[in-house]
Amino acid sequence: MGELLKGRPALVLDFAAPVALDTALALSLVYRAAAGTEDAAEFAPWVRDTAAALPAGFAEELCLLLGFGGPALYYLEELTLALRPPDRAAADDEDFPAALDRLARRDAASLQRLAVHAIRRVYADRNRPAFPPAAERQEPRAWRTFVAPALTTARVEDASALLADPEQLRERTLALCSRFWDEIYAAERARHRPLLAAAVARGQAAGYRDLALAFAETTGKRLPQTLRAPHSLDDVARVTFCPSPHLGAFLSLVHYPPELVIFFDAHRFAGQPAAALAGPPPADDLLARAMKALADETRLRIVRLLAGGELYAQEIVGQLGSVSQSAVSRHLGVLEDAGIVTVRPASGMKYYALDRTRLRDLGRHLERLGA
């Protein structure tokens, strides 16, 4: 009766500019510039100028609180995801003080748990076991060994003392975020709000359904190998594309299952010609994959069959006649991988249909090449 598969839901692709994500990315960029990372000279002028103008006390606090989460700044990442409102629809409109107020209402021990989880992720990246101090051993000395591998710009004495005192960790974290917003980023966010809104609107209007296509069109870059590797997205259910006015040539990825957040340059994307909204042309690698999928007589016959409407797998096998069920399954897999057909499981069967939007995009792209 054929292969019985449960399958996984398709990825949900979204465009948004939540204030918590945007502010946290700006904070991370300023930190990297202040810390003098090797790419700092290529950062956007606002990032470099802001980092150079930081008061000494603020710069020191920044290097402590962001300096014990490893090179990926996992503690800031944990905080950022904790700052987002439960209602995604309100995320773009919420002001940052409201997000901080929600974080302030959490007990201090919860921020300590966020920090511990951030350090555990540093250990996991290095395939090492992590052993945080037991609950009854909260003195700084007990934290020194645990936090040491996660240190970048923080001193082990300062970081261990901070982690051993959850109340101090919460107060200083909230004070840093609040000061960054009030003194540095609130006006900058307001200045770029129209740009962020335009980038979000363009992404939503494009109606992307394929991650590789959305990534290529949004960032102008190929999907990184880490996201193309087999099973790399098995734990991801939602991908959120977030525009930033300060990334320039860089991009930033936050992989926090079941979510993946992709930050991209808002200036580049919002500045594309309006014609792109009519249907973004596929990237060359996607076009090549689709053309290769269609360069087969049997697969073209399947496409013609599906032009008449949705069919389940056994109907396709029956109408093709001389092609075996296993061969049809392979051909359908190629067409699905190329984005030409979609699959809908129902009642133990798989129903296939043409992705007509994708086919129209391919046609427009070929037409533009001919023109």
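Which residues line the largest cavity? They are Thr23, Ala24, Leu27, Leu76, Leu79, Thr80, Leu83, Phe96, Cys177 and Phe180. Welcome to this predicted model, in which local features need pLDDT of at least 70, side-chain atom pairs count only at pLDDT 80 or more, and totals for chains, interfaces and linings use all residues. Residues are numbered from 1 along each chain as its sequence is written, and side-chain values use heavy atoms, with hydrogens and water left out. Helices (H or I, at least four residues) and strands (E, at least two) are DSSP runs, numbered from the N terminus.

**Cavities**

- The whole structure holds 2 cavities of 30 Å³ or more; a cavity is a set of points on a 1 Å grid over the protein atoms alone where a 1.4 Å probe fits but cannot get out, and lining residues have an atom within 4 Å of a point.
- The largest cavity contains about 70 Å³ of space, a volume being the space filled by probe spheres set on the points, which are joined across faces, edges and corners.
- Helices α1, α4 and α9 (166-206) each give at least two residues to the lining of the largest cavity, and α4 has the largest share with 4 residues.
- That lining has 8 nonpolar, 2 polar and no charged residues, where Ala, Val, Leu, Ile, Met, Phe, Trp, Tyr, Cys and Pro count as nonpolar, Asp, Glu, Lys and Arg as charged, and the others, Gly among them, as polar.

**The second largest pocket**

- A pocket is an open set of grid points with protein on both sides within 12 Å along at least five of seven lines, and the second largest pocket has a volume of about 530 Å³.
- Its lining counts 24 residues, with Leu25, Ser28, Arg32, Ser252 and Leu253 nearest the centre.
- At least two lining residues come from each of α1 (19-35), α4 (74-83), β3 (252-256) and β4 (259-265), and α1 provides the largest share, 6 residues.
- The lining of this pocket is made up of 16 nonpolar, 4 polar and 4 charged residues.

**Helix packing**

- Helix α14 (residues 297-306) and helix α15 (residues 313-320) have axes that come within 11 Å and cross at roughly 115°; axes are lines fitted to C-alpha atoms, for helices over the stretch in contact, and angles run from 0 to 180 degrees between N-to-C directions.
- On the α14 side, Thr298, Arg301, Ile302, Leu305 and Leu306 make the contact (heavy atoms within 4.5 Å), and they meet Ile316, Gln319 and Leu320 of α15.
- Helix α6 (residues 108-125) packs with helix α7 (residues 140-147) at an angle of about 35°, their axes 11 Å apart.
- Here Gln112, Val116, Ile119, Arg120 and Tyr123 of α6 touch Trp143, Thr145, Phe146 and Val147 of α7.

**Aromatic pairs**

- There are 15 aromatic pairs in the whole structure; rings of Phe, Tyr and Trp (its six-membered ring) pair if their centres lie within 6.5 Å, and planes under 30 degrees apart count as stacked, over 60 as edge-to-face and the rest as tilted.
- Phe15 and Phe269 are stacked, because their ring centres are 5.9 Å apart and their planes lie at 10°.
- Since Phe15 is in strand β1 (residues 12-15) and Phe269 in helix α12 (residues 266-270), this pair ties together parts that are 254 residues apart in sequence.

**Backbone details**

- Pro257 and Pro258 are joined by a cis peptide bond with omega of about 10°, and Pro258 sits in the loop between β3 and β4.
- Leu73 is not a glycine, yet its phi is positive, about 55°; Leu73 belongs to the loop between α3 (56-65) and α4.
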